[in-house]
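Keep the 3D view open as you read.

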Amino acid sequence: MRVGHGTARLVVVPGEPMGGYVDRSQGVQDVLDPLEVHVVTFADDGHRFALVVADLICVNADVVERIRTAVRDVGVASCWVAATHTHASPEAGCAPGGGVTPPHVGDRLVAASLAATGRAVATEREARLTATRTLVSGLASRRNVVDPPPMDIPVDTIAVTVGADVVGLIVVSPVHPTILPAANNHVSADLTGGIRRALSAPDRWVVVATGAAGDISTRHTRQGHGPPEVDRLGARVADRFVPPGPPVDDGPVAPVRPPVSRGVRLRPKLPAELDASARPIPQVRDGRIRQVLHQGLRIAREQAARQRSEPYEIEVAAVDLDGVTIVAVPGELFLELGEAIRARTADRAGVVVVLGYTNGYLGYLPARDTPPCYETFASPVSAGSGETVVETAVEVAVEAARDRDRSRRNSA
């Protein structure tokens, strides 16, 4: 299997709207650190798969399809597009239930993705993959819980090895990149950029994506709201990075196969679920939690006014790459649900890494028994939808692993 990496800057325009916070009132003023689009390609003589990761609040299905069409011109047969979910990026049409990408933002994202993909294809070389997991304390916790207990956050890393050298890292952090506050009007990759910088080396590229981060953030662990804190928490991840061991599978590399995907139909909230005004607001003393609860109630009332009855349709996908199975979910899956996918596929799909915010954006996918909070109010789908996504994710992960084994037997 050949692996390549390319990157391109994502241009921003002064004054354009910023996404990520309901209570944000100012557009882009300046740049703290450049927004980037990273592409990793995985190829053999039969197929080329590309993973595009962009420093944006979200990617909607419309721009995903545009990018997939564009990269076919450089030999990419299948493509995923993920957002890091930085809340210090231009607004990309991020709305519960999905939205339309602003044309000017979409045009720049497509151009940067195509440029980065071309560079990745040009740098491809024979490589193996190894997945490791690091538990990081003091990084983040459940954000809408007052005085949450300490957590060890599971950060997954896929190392790309050429010979004995690690030449690249794909890091998946299940943490909201929200160190910079709503008052900030300077674009930044936020936490994902801090991790990227901390792990980068002259002979090693780093891509940082966001996993099942729906209920996880640095709200209770951060010690500030500026660039120094971004770098401090990025360094915390790097300091606990576990160097990769030998490849997950020391047998022959299976052919690169197209991803396995399934359409999922999710029921919108029932009228009783949308009756936000009748719900008691939990009494909390934390000012920010109380503030976002009211924002969530406002979003719920807007959904009730639209009275949607038709189901939402999303794509859940999995791809197996050299024994590492990556699952893509187009929304904000809660960490416990991401961990459930991994646990339920452990004996059937090997190492599983879950990506959120990939191939579209539906919104929050909380667990069925999640207590009332901003995420449950803002979620566009009925209770239990998170578990439905988990069921489908398990199915596609297992099927992708079976395809790998079948391909390996056929090529032996």
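**Cysteines, cavities and salt bridges**

The structure holds 0 disulfides, a disulfide being a pair of cysteine sulfur atoms within 2.5 Å. This is a predicted model, in which local features need pLDDT of at least 70 and side-chain atom pairs count only at pLDDT 80 or more, while totals for chains, interfaces and linings use all residues. Residues are numbered from 1 along each chain as its sequence is written, and side-chain values use heavy atoms, with hydrogens and water left out.

Cys-94 is in no disulfide either, and its nearest cysteine sulfur, that of Cys-58, is 3.4 Å away. Cys-94 is partly exposed, with 23% relative accessibility.

Next, look inside. There are 3 cavities of 30 Å³ or more; a cavity is a set of points, on a 1 Å grid over the protein atoms alone, where a 1.4 Å probe fits but cannot get out. Grid points are joined across faces, edges and corners, and a volume is the space filled by probe spheres set on the points. The largest cavity has about 90 Å³ of space. It is lined by 13 residues, and Arg-133, Asp-156, Ala-212, Glu-339 and Val-354 are the closest to its centre; lining residues have an atom within 4 Å of a point. Among the elements, α7 gives the most to this lining, with 4 residues (helices, H or I of at least four residues, and strands, E of at least two, are DSSP runs numbered from the N terminus).

Finally, the charged pairs: the structure holds 23 salt bridges, each a side-chain nitrogen of Lys or Arg within 4 Å of a carboxyl oxygen of Asp or Glu. In one of them, Arg-2 and Asp-45 have their closest N and O atoms 3.4 Å apart. Arg-2 lies in strand β1 and Asp-45 in the loop between β3 and β4, so the pair ties together parts 43 residues apart in sequence. Asp-45 is exposed, at 79%. These two also belong to a network of salt bridges with Arg-48 and Glu-124.

Glu-16 pairs with Arg-108 at 2.7 Å in another salt bridge. Here Glu-16 is buried at 6%, and Arg-108 is buried at 17%.

Note on methods:
Buried means under 20% relative accessible area, exposed over 50%, partly exposed in between (1.4 Å probe, protein chains only). On a 1 Å grid over the protein atoms alone, a cavity is a set of points where a 1.4 Å probe fits but cannot get out, and a pocket is an open set with protein on both sides within 12 Å along at least five of seven lines; lining residues have an atom within 4 Å of a point.
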